Amino acid sequence: MSKSSWKTRVETPGDIDTIRNITRDAFGRQFEVDYLDGLRADPVAWVPGLCFVATSPGDQPVAYALLTRCQVGDVPVLSLGPVAVLPAYQNQGAGGAAVVAALTAARERGERAVVVLGHATYYPRFGFRQATEFGVHHPEYDGPNLMALGLDGYDVPAGDLTYPAN
């Protein structure tokens, strides 16, 4: 499928087990599934309506992108991740379509910024730049895989990045 032909939508309650399976298959381990479950259970981190799936022609999720709440300094922002794609659908645009849908929803909600800890060569296509360029610092990691994106005219706030304890 081309990038433009992927259908995306907000996850439904019936997608949750499928999303867990996508996560396990994509990452090849349980750690990210447990992390996802922790985010889902955290009332501070979880933002209803900000998990987007890309679906196969039968409306079966094959990829997803999740945005949850975190903070830079004392400013609430969003964190992108996990983003996962079933191995059979990788490198076909499904993950990118889910990321675009999630970022579009964040813009529509008036969110200020998004951070991501991910592949330094993948996320710049969506506008992400190294977080330290904005003065964003993670207490344990300030390398090239920590990136940030200001949304619709907002500047990325400077400060220490903190996540809810989950």
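Which residues does Asp 15 touch, not counting residues up to four places away in sequence? In this predicted model, Asp 15 touches Arg 9, Val 10, Val 53 and Pro 61, where contact means heavy atoms within 4.5 Å. Because the model is predicted, local features need pLDDT of at least 70 and side-chain atom pairs count only at pLDDT 80 or more, whereas totals for chains, interfaces and linings use all residues. Residues are numbered from 1 along each chain as its sequence is written, and side-chain values use heavy atoms, with hydrogens and water left out.

- Asp 15 lies in the loop between β1 (7-10) and α1 (16-27); helices (H or I, at least four residues) and strands (E, at least two) are DSSP runs, numbered from the N terminus.
- Asp 15 counts as buried because its relative accessible area is 5%; buried means under 20% relative accessible area, exposed over 50% and partly exposed in between, with a 1.4 Å probe and protein chains only.
- The side chains of Asp 15 and Arg 9 make a polar contact at 2.5 Å. Such a contact is a pair of N or O atoms within 3.5 Å; within protein, one must be able to donate a hydrogen and the other to accept it, and residues adjacent in sequence count only if both atoms are side-chain atoms.

**Salt bridges**

- A search of the whole structure finds eight salt bridges, each a side-chain nitrogen of Lys or Arg within 4 Å of a carboxyl oxygen of Asp or Glu.
- Arg 9 forms one of them with Asp 15, with the closest N and O atoms 2.5 Å apart. Arg 9, Asp 15 and Asp 59 are linked in a network of salt bridges.
- Another salt bridge joins Arg 40 to Glu 11, the closest N and O atoms being 2.8 Å apart. This pair links distant parts of the chain, with Arg 40 in helix α2 and Glu 11 in the loop between β1 and α1, 29 residues apart. Both Arg 40 and Glu 11 are buried.
- Glu 133 and Arg 129 also meet through their side chains in a salt bridge (2.8 Å, N to O). Glu 133 is exposed because its relative accessibility is 51%, while Arg 129 is partly exposed at 42%.

**Aromatic pairs**

- The structure holds five aromatic pairs. Rings of Phe, Tyr and Trp (its six-membered ring) pair if their centres lie within 6.5 Å; planes under 30 degrees apart count as stacked, over 60 as edge-to-face and the rest as tilted.
- Trp 6 and Tyr 89 form an edge-to-face pair, at 6.0 Å centre to centre and 75° between the planes. The pair links distant parts of the chain: Trp 6 is in the segment before β1 and Tyr 89 in the loop between β4 and α3 (94-108), 83 residues apart.
- Trp 6 is buried, with a relative accessible area of 7%, whereas Tyr 89 is partly exposed at 28%.

**Backbone geometry**

- Most residues other than glycine have a negative phi, and most peptide bonds are trans.
- Asp 59, in the loop between β2 (51-55) and β3 (61-72), has a positive phi near 65°. Asp 59 is partly exposed, with a relative accessible area of 41%.
- Asp 152, in the loop between β8 (146-150) and β9 (159-162), has a positive phi near 45°.
- The peptide bond from Gly 81 to Pro 82 is cis, with omega near 0°; Pro 82 lies in strand β4 (residues 75-85).
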